[in-house]
Amino acid sequence: MSALIVNTLRRQCIGQFRGLLLHRQTALLSRGFRVSYAAVAQKSKNINDDFSLLEAANSPDQFGTLSPQVNEPETLDEGDAKEEDFLQNSPPHGQKLSVRQYADLIKDHLKNNRIREALDVIEVRMKQDRVKPVNYHFNLLIGGCARVGYSKKAFQLYNKMKQHGLKVTGGTYTSLFNACANSPFLGDGLNKANHLREVMLEKGYEPNESNYNAMIKAYGRCGDLKTAFQLADEMVARRLQLGTDTFNFLLQACISDQEYGFRHALLVWHRMHRMRIRPDRYSFNLLLRCVRDCQLGDLETTEQVIEQIMRDSLGNRKQKQLSEETGQQHSDTSVTELPSEDMANNVVTIRQELSDRVHHEGAPDLLSSDPHLGSLVKLGEVRKPEDRLLLLGGSSNVFAEMKRCGVEPDIRTVTEMLDVVPPTYAAEKHLLATIKQLKIRCDVDFFNILIKKRSMRFDYEGAREVLYMIEAANLEPDIVTYGVLALGCQTQDEAKSLLKMMQEADVRMNIQILGAMLRQGCAKKNFRYVTEILNIVRRERLKPNEQFLGHLETFAKACERQDRDYDAKPGKRGREEFKMEYNRYRMQLDAWREHMGLQGLAMDQALGIVREHPWEQFKEPQADGFEKTKNPKLRHKRKKQHSIRKIDVDAIAEKDEEQEARDERTKNVGLLNH
């Protein structure tokens with residue numbers, strides 16, 4: 001039995017060995033056959049490829065390739081590589097944010113004036129996260145660009161919004177018109193506003209009150225007053241509510257017309273009275289700005305406008321009295337709808353009261369609802385801001401009218417008032433007393449305007465005394481304070497003293513302050529003073545601005561005229577001294593211009609180099625360590641304000657008497673010289 005098992009195992013082993021041997025031989029034969037077959041196949045393939053190419057080139061009936069096939073490149077194109085990376089390397093789900101979170105990122109950047117970073121949320125971050133923005137994101141960015149006047153980018157976002165197929169809402173149109181209103185280029189803003197209005201008409205979109213207000217603001221600030229007033233009439237025709245904001249935007253439109261703006265502002269103001277719309281604080285501030293910047297226009301038309309204003313106010317008052325007498329059912333009856341006898345009596349009464357108002361005694365008052373010209377002789381004498389303020393009854397009447405309207409003035413109101421009051425110590429004393437009485441808290445900007453006002457009337461000593469007022473009000477000077485003080489630096493020593501004061505206060509000088517000093521040096525024709533300012537600009541590596549180069553250009557023309565006068569009169573006194581100083585100045589000016597890269601350039605070319613585009617700041621991210629980025633709360637902190645109780649207002653009266661005495665002495669000296 002055991003022998004049988006052994007023989008069986010032996011036969012199995014011999015069979016397995018023979019099978020393994022046969023398998024190896026077969027593998028070796030097949031390998032050799034494959035190698036030889038591959039070589040033959042390669043040769044036949046090359047022959048067939050050559051024949052096929054030749055046949056394709058010579059046969060018009062067979063479609064083939066006219067050139068040998070080229071293998072695909074091993075390196076991908078840059079765009080293909082980005083696409084491949086985008087398709088394969090998807091961001092993790094936790095990296096993606098919600099719609100609200102992306103919106104919060106945009107809001108945070110816009111809040112801190114980081115326009116470039118806010119735009120990158122859509123243009124970079126959301127692309128990397130493969131998240132499609134919604135119209136809410138676009139509206140936030142369009143509104144942010146509109147507030148800073150970046151109109152070009154606002155309309156680019158609007159076009160991209162339409163390309164994404166997102167819905168354009170009324171808020172989008174409002175923001176776009178705000179972008180046109182705040183654009184630094186008025187012509188471009190007006191063209192964009194016209195185009196956008198045409199788009200709204202083509203789409204059949206009916207504007208709401210916010211859209212109309214934004215359109216009035218855009219057309220008014222861009223100088224198209226006619227369209228702005230037409231839009232207001234369109235609101236009335238469509239029975240939309242005209243509020244105080246609408247009239248405020250119309251007053252802004254009046255400010256843009258410096259020749260006729262004050263006349264338009266009077267019409268807008270009394271239209272508010274007729275429509276019984278109560279003005280707010282901004283309305284009074286805008287009216288004071290019109291008083292400062294705008295003229296009356298031609299006198300004949302202005303007289304007609306004022307007469308029409310008084311006639312309308314009388315008619316409006318008669319209509320109101322009649323409505324109160326006849327009851328509520330006749331409250332909508334106009335004067336022209338009265339019976340003939342009542343109409344005749346009413347017209348006679350209106351003419352009589354109109355005559356009384358024209359010959360009214362006292363100061364004029366075109367501000368209240370019952371306007372009159374008072375004892376004003378003729379409008380031709382109204383040329384300066386203080387004269388136009390007198391037409392409104394003066395500063396006291398303006399504050400009284402604000403009180404009647406239930407409006408409390410703020411520091412902005414009194415700052416605007418300071419710009420238009422007469423340039424005397426008495427007027428400034430009266431305004432400071434009013435501020436104390438109303439308990440208005442002042443900031444340093446108010447005192448800066450006071451310094452500038454005194455410097456512009458050449459009262460440099462009084463301007464420097466405002467520093468004591470700032471200290472008494474527990475405030476600190478800012479860089480604008482030193483800028484307006486520079487207007488009074490008549491000599492080189494005074495300029496050095498102010499620069500030393502700035503250095504002690506750790507305030508760095510800028511080109512605006514040096515430009516104010518340069519203006520004084522050019523006015524005094526002090527070559528050494530002007531040269532010193534040029535050396536400071538070069539040493540501090542400051543970039544001159546348009547005003548700085550303008551002062552140099554005006555000074556150069558004046559010196560050339562004086563040089564020609566001396567050449568025409570060789571024996572004139574002071575010729576040699578002027579020639580020596582002028583030649584030295586020209587050599588130093590040429591060296592300065594060469595250092596600044598302005599040598600040999602015309603004025604227009606030089607201005608093109610130094611002029612900064614207003615949108616460049618939005619194309620670059622904010623630098624690290626920027627104050628608004630490091631401490632966002634500081635930017636929104638309210639400006640430091642204090643009361644002026646410690647300021648001795650009575651002492652200003654003595655200064656007024658001294659100033660009048662100095663003016664009288666100067667006048668007498670001038671008469672003696674003549």
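This section describes the overall fold of a predicted model and then selected local features.

The protein chain comprises 31 helices and 0 strands. Of its 674 residues, buried residues make up 38%. The accessible surface of the protein chain amounts to about 40,800 Å², and carbon and sulfur atoms account for 51% of this area. When contacts between residues at least 6 apart in sequence are considered, 69% of them join residues at least 24 apart.

In the model, the span 134-168 is 74% helix and 0% strand, and its end C-alpha atoms are separated by 11 Å. For residues 208-242, the end C-alpha atoms likewise lie 11 Å apart, with 74% of the span in helix and 0% in strand.

Helix 11 covers residues 244-255. Its 12 residues should span 16 Å at 1.5 Å a residue, and the distance of 17 Å between its end C-alpha atoms agrees with that expectation. Because 11 of the 12 residues of helix 11 are buried, this helix is largely enclosed by the rest of the structure. The buried set consists of Thr244, Thr246, Phe247, Asn248, Phe249, Leu250, Leu251, Gln252, Ala253, Cys254 and Ile255. These buried residues pack against four helices, namely helix 9 (209-221), helix 10 (225-237), helix 12 (261-274) and helix 13 (281-293).

Helix 3, which spans residues 99-111, contains His109. This histidine has a relative accessible area of 17% and is therefore buried, the cut-off being under 20%. Leaving aside residues up to four places away in sequence, His109 touches Arg114, Glu117, Ala118 and Val121.

The aromatic side chains were examined next. The count of aromatic pairs comes to 16. In the pair formed by Phe578 and Tyr582, the ring centres are 5.5 Å apart and the planes meet at 20°, so the arrangement is stacked. Under 30 degrees is the range that counts as stacked. Both residues belong to helix 27 (residues 575-596), where Phe578 and Tyr582 are 4 residues apart, about one turn of the helix. An α-helix has 3.6 residues a turn, so residues three or four places apart point the same way. Phe578 is buried, at a relative accessible area of 8%, and Tyr582 also counts as buried, at 5% relative accessibility. Ring pairs join Phe578 and Tyr582 with Phe527, Phe555, Tyr566 and Tyr585 in a cluster.

The number of disulfides comes to 0. Cys180 takes part in no disulfide, and the nearest cysteine sulfur, that of Cys222, lies 6.6 Å away. Cys180 is buried, with a relative accessible area of 0%, and Cys222 is buried with a relative accessible area of 10%.

Note on methods
Residues are numbered from 1 along each chain as its sequence is written. This is a predicted model: local features need pLDDT of at least 70, side-chain atom pairs count only at pLDDT 80 or more; totals for chains, interfaces and linings use all residues. Side-chain values use heavy atoms; hydrogens and water are left out. Helices (H or I, at least four residues) and strands (E, at least two) are DSSP runs, numbered from the N terminus. Buried means under 20% relative accessible area, exposed over 50%, partly exposed in between (1.4 Å probe, protein chains only). Contact means heavy atoms within 4.5 Å. A disulfide is a pair of cysteine sulfur atoms within 2.5 Å. The expected span of a helix is 1.5 Å times one less than its number of residues. Accessible areas come from the Shrake-Rupley method with a 1.4 Å probe; for residues, only the protein chains shown count as cover. Rings of Phe, Tyr and Trp (its six-membered ring) pair if their centres lie within 6.5 Å; planes under 30 degrees apart count as stacked, over 60 as edge-to-face and the rest as tilted.
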